[in-house]
Amino acid sequence: MASSPAPEPGAGALVARLRRAAPALVVLLILGAASFAPANGETDLRLAGPDRSHVDAMRSAIADLPGGALVLVGLDADFGTYPEIRATVRAALSDLLAHGAQLGFVSFTPEGRAIAAAELDRLAREAGISAGAAPADLGFVAGSEAGLVRGVESIVPAGATGPIPDAIRTGGGGIGAFSLVLIVSGSDLSARSWVEQVRPRVPDLPMVAIAPSFLDPELEPYLRSGQLTALLSTLREGAAYVQVVGAGTTPSGAPPRPLPILLGMLIALGVIAEAAFRQLAGRSGGRGFQRTSP
Amino acid sequence: MNGFAGGDLAGTIATWVAALVTIGVWSYLVGLRRPFVLLQYLLAGLATGYLALLAVSDVLIPRLITPLVTSPRDHLLLFVALALAALLVAASWLPRRVTSPATGILVAGIAAFAIGGAVVGTILPQVGSALPAASVGASDVPGVLLSLGITILVLIGFLHGAPRAALTASAASIGRWLLLGGIGAWLGFLVVSRLALLVDRIGFLLGDWLTVLR
């Protein structure tokens, strides 16, 4: 005897599934709706931070470069955090190109290499750079920190040709040939690795860094000690820099819209507060921090 | 808009694939595990394939094979590198005492660079920078003392297993709370980074894919 379909449990399961998914879907809908709000500059809600000291440091590091200076872009960002700093990186590249810098891109992580290749493609497509001034692709260097140390001696691939690789070879062929290093962080090999491995070997080389927010606590001490010349490591600093450089006029160079970020933060805070209250309510006679060590 | 895909056919296809994959990953939110798992496999496979391609095209051929073929006498050390690499590749089939030198050199090299860099590049300069200078202003003194106090309390919090008096135990407890506070602040930074990613993905779907957002 053929069994009859049982719509009730299936429908019930679907309803239960949708009920479980509802909070996440509502969050997506809220953030999606908030994305239609006017962008920076058209509203009182601004992402750019009022403290411009970090932005000024980055700008002056670039402005102090001599004409035609060689600048190494160490691009080792991470797929998961690059969207936060993408606009800032593009603004910095525009700023460098506007100051006549000759850029060389190198990566020490595979993820960074993929992003560097995509950015080089974008620059060739969007920036309208002449063939002679096109950034040099110095490729991927294996070996992580050992690769960084090797880069101090030799950073140009054997087969690389063009005015920028030639200029690097004339300057010694290593990282020391550059006037500035722009470190785009996000992966395991961050600006900290550059400070630890390259700075002791090339102490006079100025290093500036762009990093996602989660690296800020790690990198801020290097800025205060002077080991980094400039650091943009929060969304607000990045947005302020994009605004000052005036690079956010194209859709691909605009920083994230402020309203979805604000709403997302409020939702995250609400979730954390709800979890904390639930934890406190479930704990009778709060006993404080539980020591796990013997 | 992320600006990675151009306006040509290849760019359009890339945008569609990226959009469909994003939606496929988000389908996990409504309990669809299969597309999510498949896309995880796809990501892992692509990452592995990309890494292998990168290793061959950017490392093995230009830095090992080509120098060995074109001018082997100038690159004698590369023969040693080749032998060590071969030992690592064949590690599953060779006795441990044969492969352990290659593994040892690899681990020791990584540790040497990491420890040497941490000492020379971080610990010494940061200790020097953290020491209160003779020229420290009166307004900086509370900050310096606060930093010192927090550092000492957190370090005491790591005193595991040692016999402790009541005062030390209290200091250790405060140190652990301060440590938790620091980790919480770091988590807050991480949330901002991930939130930017989520907002960017929504912007990509609405702007690059559906083109309803400008």
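Predicted model: local features only at pLDDT ≥ 70, side-chain atom pairs only at ≥ 80, totals over all residues.

Is Pro212(A) buried or exposed, and why?

Author: Pro212(A) counts as buried, because it has 30 C-beta neighbours inside 10 Å. The cut-off for buried is 20 or more.

Now its place in the chain. Pro212(A) sits in the loop between β5 (207–210) and α8 (216–224) of chain A. Leaving aside residues up to four places away in sequence, Pro212(A) touches Thr81(A), Glu84(A), Ile85(A), Gly186(A) and Ser193(B). Gly162(A) is 50 residues from Pro212(A) along the chain, and their C-alpha atoms are 33 Å apart.

The contact between the chains takes 58 residues from chain A and 48 from chain B. On chain B, the elements that give two or more residues to the side touching chain A are α2 (33–70), α4 (96–130) and α6 (166–209). The largest share of that side comes from α6(B), with 19 residues. By type, the side of chain B that touches chain A divides into 28 nonpolar, 16 polar and four charged residues. Chain B itself is divided into domain 1 (1–74), domain 2 (75–131) and domain 3 (140–214). The centres of domain 2 and domain 3 of chain B, taken over C-alpha atoms, are separated by 32 Å.

Back to chain A, and its sheet. Chain A holds 10 helices and six strands. An open sheet of six strands runs in the order β3-β2-β1-β4-β5-β6 (chain A), with parallel pairing. β3 (136–140) and β6 (230–232) of chain A stand at the edges with a single partner strand each, so one side of each has no neighbour in the sheet. From one strand to the next, the twist averages 15°.

Take β1 (residues 70–75) of chain A next. β1(A) pairs with β4 (residues 180–184) of chain A in the parallel sense, over five bridges. In that pairing, the bridge partner of Val73(A) is Leu182(A). Five bridges also join β1(A) to β2(A), again running parallel. There, Val71(A) stands opposite Leu103(A).

β1(A) is mostly covered, with six of its six residues buried. In a regular strand, side chains alternate between the two faces of the sheet. Here Leu70(A), Leu72(A) and Gly74(A) point one way, while Val71(A), Val73(A) and Leu75(A) point the other way. Helix α6 (residues 163–170) of chain A lies across β1, β2 (102–107) and β3 of chain A, at about 85° to β2(A).

Last, the core. The largest nonpolar core has 76 residues. Those with the most contacts inside this core are Val71(A), Val181(A), Leu182(A), Ala191(A), Ala209(A) and Leu228(A).

Two figures cover chain A as a whole. Of its 294 residues, 43% count as buried. Among contacts in chain A with a separation of 6 or more, 74% come from residues 24 or more positions apart.

Note on methods. Residues numbered from 1 in each chain as written. Chains lettered and ligands numbered in written order. Pairing = 2+ DSSP bridges. Helix = DSSP H or I, 4+ residues; strand = E, 2+ residues; numbered from the N terminus. Axes fitted to C-alpha atoms, helices over the stretch in contact; angles between N-to-C directions. Contact = placed C-beta atoms within 7 Å. Domains from an automatic or database assignment. Nonpolar A, V, L, I, M, F, W, Y, C, P; charged D, E, K, R; others polar. Core = buried A, V, L, I, M, F, W, Y, C linked by C-beta atoms within 7 Å. Buried ≥ 20, exposed ≤ 12 C-beta atoms within 10 Å, placed from the backbone.
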